Amino acid sequence: INGFEVFEQLQKNNLNEMTKVIAVSANAMSADIDKGENIGFFGYFTKPIDQQQLLASMHKALNVKATH
């Protein structure tokens, strides 16, 4: 199954609202990105991945201050 389906299954199975889900995908079409944002992914990153943006999102999800 794809990442959207995994996320939907997590939501159906009582995904804790405090749980942050960050998607990493090769699907970089604007419709895919919009769908990811609309269904509730905390972050949606497309390949090639901008490491700094991904780390910043992870720090934000974990409520940790970035060190660089």
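Reply: The protein chain holds three helices and two strands, in the order α-β-α-β-α along the sequence, where helices are DSSP runs of H or I with at least four residues and strands are runs of E with at least two. This is a predicted model, in which local features need pLDDT of at least 70 and side-chain atom pairs pLDDT 80 or more, while totals for chains, interfaces and linings use all residues. Residues are numbered from 1 along each chain, and side-chain values use heavy atoms, without hydrogens or water.

A search of the whole structure finds four aromatic pairs, a pair being rings of Phe, Tyr or Trp (its six-membered ring) with centres within 6.5 Å, called stacked when the planes are under 30 degrees apart, edge-to-face over 60 and tilted otherwise. The rings of Phe 4 and Tyr 44 are stacked, because their planes lie at 10°, with centres 6.2 Å apart. Since Phe 4 belongs to helix α1 (residues 3–12) and Tyr 44 to strand β2 (residues 43–46), this pair ties together parts 40 residues apart in sequence. Phe 4 counts as buried (under 20% relative accessible area, with a 1.4 Å probe and protein chains only), at 10% relative accessibility, and Tyr 44 is likewise buried, at 14%.

The rings of Phe 7 and Phe 41 have centres 4.6 Å apart and planes at 35°, so this pair is tilted. Phe 7 lies in helix α1 and Phe 41 in the loop between α2 (30–39) and β2, 34 residues apart; both Phe 7 and Phe 41 are buried. Ring pairs join Phe 4, Phe 7, Phe 41 and Tyr 44 into a cluster.

Terms used
Buried < 20%, exposed > 50% of the residue type's maximum accessible area, 1.4 Å probe, protein only.
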